[in-house]
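Please consider the following notes on the aromatic side chains of this protein. They are arranged as numbered points, to be read beside the structure.

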Amino acid sequence: MLGTAVLPSPGLLSSEVDFAITGYLKYKIFGSDWYITNTHISILAVMLALIIFAIIVNINVKKADPTKPPTPFMNVVEFIVETLDKLIIDGMGVKHGYKYVNYVSTLFLFLVVANLSGLFGFRPPTADYGVTFALAIITFVLIHYAGFKYQKLAHITDLFKPIVLAPINIIGEFATPLSMSLRLFGNVLSGTVLMGLIYGLVPRVITMFGWPGVLHIYFDIFSGAIQAYVFVMLTMTFISQNFDTE
């Protein structure tokens with residue numbers, strides 16, 4: 001994985017400070033050592049949480065009686081769906097927004113849950129550059145898919161207008177996934193490192209009273225939600241830039 005080193009055993013500065021990517025299960029592929037890391041475990045936990053939530057929602061929707069008021073749980077679900085729909089439609093327009101509702105909503109929910117996973121003792125998957133870069137590459141592919149679909153060859157030829165700026169335009173296109181992935185990775189990793197240092201270096205008698213937990217409100221909840229929102233907004237902005245010529 002990129003971003004931080006994969007360690008075969010826990011521990012970075014001491015037995016109490018561990019914020020690196022740690023390998024737990026070692027195996028060989030084509031003669032190279034590979035590990036099941038805490039990033040894989042965190043991603044699996046996030047995926048299971050979202051899948052279980054989706055199954056519960058599906059069951060409740062099928063059992064819902066349209067003639068009766070919705071339950072508190074369904075009110076929460078409707079609020080989430082309506083909020084995400086409005087965010088995407090406002091950002092991408094009515095004409096095209098509905099086509100990307102599923103992807104952008106899934107991306108936002110994954111990022112929020114992944115960033116919040118630190119509250120439950122996991123190392124956030126987004127603190128691994130291999131995860132954020134992969135998400136940025138998916139967005140990068142969709143950006144250019146929309147470009148070729150709506151602008152045809154102009155999506156390429158516009159990069160050479162004017163010709164003297166062509167190198168800068170091309171570099172700018174490839175810099176998009178790098179900037180998106182590094183922004184998310186850097187912000188989440190910095191919070192992970194700081195919380196690891198606090199829990200590892202502050203005397204345990206102090207942490208027992210729970211005061212470091214207050215910092216999770218910022219590093220996991222506030223900052224995590226903001227970074228998910230920024231990543232999603234950039235995704236919608238870059239994709240919707242290709243809609244203008246249709």
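1. In this predicted model, the count of aromatic pairs comes to six. Two of these pairs are described in the points below.

2. Phe-140 and Phe-174 make up a tilted aromatic pair, with 6.0 Å from centre to centre and 35° between the planes. The pair connects distant parts of the chain: Phe-140 belongs to helix α5 (residues 129–151) and Phe-174 to helix α7 (residues 166–201), 34 residues apart.

3. Are the two partners of this pair buried or exposed? Phe-140 has a relative accessible area of 16% and is buried, because the cut-off for buried is under 20%. Phe-174, by contrast, has a relative accessible area of 54%, so it counts as exposed, the cut-off being over 50%.

4. Tyr-150 and Phe-243 form an edge-to-face aromatic pair, with 5.1 Å from centre to centre and an angle of 85° between the planes. This pair also links distant parts of the chain: Tyr-150 lies in helix α5, whereas Phe-243 lies in the segment after α9 (215–240), 93 residues apart.

5. How accessible are Tyr-150 and Phe-243? Tyr-150 is buried, with a relative accessible area of 7%. Phe-243 likewise counts as buried, at 7% relative accessibility.

How values were computed
Residues are numbered from 1 along each chain as its sequence is written. This is a predicted model: local features need pLDDT of at least 70, side-chain atom pairs count only at pLDDT 80 or more; totals for chains, interfaces and linings use all residues. Side-chain values use heavy atoms; hydrogens and water are left out. Rings of Phe, Tyr and Trp (its six-membered ring) pair if their centres lie within 6.5 Å; planes under 30 degrees apart count as stacked, over 60 as edge-to-face and the rest as tilted. Helices (H or I, at least four residues) and strands (E, at least two) are DSSP runs, numbered from the N terminus. Buried means under 20% relative accessible area, exposed over 50%, partly exposed in between (1.4 Å probe, protein chains only).
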